[in-house]
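Morning, everyone. Please have the sequence and the model open while I talk. I'll go through strands, then charges, then surface.

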Amino acid sequence: MSAIIALILLGRLLEARAKGRTSAAIHRLASLRARTAHVLRDGRETELAVEAVVPGDLVIVKPGETIPVDGVVTEGASAVDESMLTGEPLPVPKRIGDEVIGATVNTTGSVTFRAVRVGKDSALGQIVRLVEEAQSGKAPVQRFADRVAGVFVPIVIACAIAAFVVWFDVGPEPAVLFSTMALVTVLIIACPCALGLATPTAILVGTGKAAESGILVRSGEALERLSRVRAVLLDKTGTITEGKPTVTHIVTARRPDGTPIAPAEVLKWAAAVEQRSEHPLAAAILRAAKDKQVDLPPAEKFAVMEGRGVRGTVDRRIIEVISLRHARERSLELGSLGQDADRLAAQGRTPVIVVVNNTVYAVIAISDPIKPTAKEAISHLKKLGLTVTMVSGDSRKGAEAVAQEVAIDDVIPEVLPSQKAELVKKLQERGGHVAMVGDGVNDAPALAQADVGIAIGTGTDIAMEASDVTLIRGDLRGVVTAIQLSQRTLRTIRWNLLWAFGYNVLLIPVAAGVLYPLTGWLLSPVLASAAMAWSSLSVVLNSLTLRRFKPAWAT
């Protein structure tokens, strides 16, 4: 009896140590937090535990220190190492008004910032929470295993009782001892520990490995759905491209007297309206106006025309910044600007039309550089046998130019935000599991509709809330990693379940004594306890092989 107890306890110890290694990702994430913070209160600098920092506090960070909480710089300038979050090795310059993130490292200058998000609300806190939720959740395959275990246990008890009764009636003397040994051995060998560990340990390791790679998986269920994906829809702006477009050309019309309209005047009208917009193209126009030091008048009666542009009233003029497609739908007089817009679109730029009081003033061409790793990521997605489609609200020529550069054959241009969700539905109706990858507010409906929504972490909070998976680093190769890791995790779960079931199916009859009439050998409870401990440990060790996972693009 002491040997049985010792073996079971040894198995539990080894199992606990192995399982402890599976949650190492959370421990590593938590260890990135700063322990203390230098806070200005009542005009005095005080060193406090980071838990004592509250939103609104002014926090001083010196060179080499870890930024304790999320906030906005109010004084000073520095460069911050954000590699723990973005994976980018180069420090990011920070000036007044820039956001800093807790757990990143201040490298050069001293800065003061106002705390905005602390504790569980900080970026790191939310990452840790998402990983914990994913590791504690159950995948559908786990619920299946639970149902099987619910049926399996009564069957095992019945087998153990049957073995006792049979050997008590026909077994050798002493019959009571022999039959009791058979009953105990069946109960020990059939302990469903391995069955219960098969899924959660693999999910623990899989989601932890994903977090190390900058991928946040919301749940075990999302991980399982991701492994079944057969089609991937990619938004263009901010997903395939950098999402930081810049103005490259301003082609203006001529006044009735033949003089050209000044580009600065066009920027004034366009940027005045775009001040109220959150679209990446609006940000490009605003940056151009700022670079040229254009004073912007206030805009009134601002309105967004879904998928078409924006409008507002500035200095009693009705200003519209609209797409080329919408301008032609309205039959606006473009003149030679139409040809200029087509030429710029063919070059992969996005032309927008500036309209003042229903008169076309100019074409502004905006270019959004393609992410350096986008083409490589798309190539690997195709190698996985996935159908890759790009969807964009951009003109056909602009969208096709980008698609051609990254080798995407299937392009759906000029799509309104509401239509993206409809596209996902159509693909799902064809029987395929669809993943949607996007970064903006307009992608949120499609992300929610998809079997798996994948949000680029550099995008908006709404997109991330609507998604099942978040790529913190904004690198499209993360989609490849997430899909491959999910497939590897599900494969590991299936092997674990196969081993757990196979072990019980093979050894329960042996424990019940079916070999005794032929060989005269009955499985000892000591050996049964050793086998049971090994079965549980082997499942955990098999799950830990996921720690050696490397994505295709890294090999």
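How do strand 5 and strand 8 pair, and over how many bridges? The pairing is antiparallel, over 2 bridges, and strand 8 covers residues 105-106. Look at Asp81: opposite it, in strand 8, stands Val105. Before I go on, a reminder that this is a predicted model.

Strand 5, residues 78-81, also pairs with strand 6, residues 92-94. Again the sense is antiparallel, this time over 3 bridges. Val80 has Val92 in strand 6 as its bridge partner.

For strand 2, look at strand 1, residues 36-41: the two pair antiparallel over 6 bridges. Arg41 stands opposite Arg44 there.

On to charges. Side chains of opposite charge can pair when their charged atoms come close. The model has 19 salt bridges. I'll take a few.

Glu224 and Arg228 meet at 2.7 Å, N to O. Is Glu224 buried or exposed? Buried, because its relative accessibility is 5%. Arg228 is at 37%, so it counts as partly exposed.

Next, Arg325 and Glu329, a salt bridge at 3.3 Å, N to O. Both sit in helix 12, residues 324-329, 4 residues apart, which is about one turn of the helix. Arg325 is partly exposed at 35%, and Glu329 is partly exposed at 47%.

Then Asp409 with Lys382, where the closest N and O atoms are 4.0 Å apart. Asp409 is in the loop between helix 15 (396-405) and strand 19 (410-412), and Lys382 is in helix 14 (residues 374-383), so the pair ties together parts 27 residues apart in sequence. Asp409 is exposed, at 73%. Lys382 is partly exposed, at 35%.

There is also a network: salt bridges link Asp70, Glu99 and Arg117.

Rings next. The count of aromatic pairs is 0. Lys268, though, lies over the face of Trp269, 4.2 Å from the ring centre.

Last, the surface. Val153, Ile157, Ile161, Val165 and Leu187 make a nonpolar patch of about 380 Å². Which helix gives the most to the patch? Helix 5, residues 140-170, with 4 residues. Val165 is placed in helix 5, and at 41% relative accessibility it counts as partly exposed.

Methods:
Residues are numbered from 1 along each chain as its sequence is written. This is a predicted model: local features need pLDDT of at least 70, side-chain atom pairs count only at pLDDT 80 or more; totals for chains, interfaces and linings use all residues. Side-chain values use heavy atoms; hydrogens and water are left out. Rings of Phe, Tyr and Trp (its six-membered ring) pair if their centres lie within 6.5 Å; planes under 30 degrees apart count as stacked, over 60 as edge-to-face and the rest as tilted. A charge sits over a ring if NZ of Lys or CZ of Arg is within 6 Å of the ring centre and within 35 degrees of the ring normal. Patches are made of residues with over 30% relative accessible area and no salt bridge: like charges are joined within 9 Å, nonpolar side chains (Val, Leu, Ile, Met, Phe, Trp, Tyr) within 5 Å. Accessible areas come from the Shrake-Rupley method with a 1.4 Å probe; for residues, only the protein chains shown count as cover. A salt bridge is a side-chain nitrogen of Lys or Arg within 4 Å of a carboxyl oxygen of Asp or Glu. Buried means under 20% relative accessible area, exposed over 50%, partly exposed in between (1.4 Å probe, protein chains only). Two strands pair if DSSP finds at least two bridges between them.
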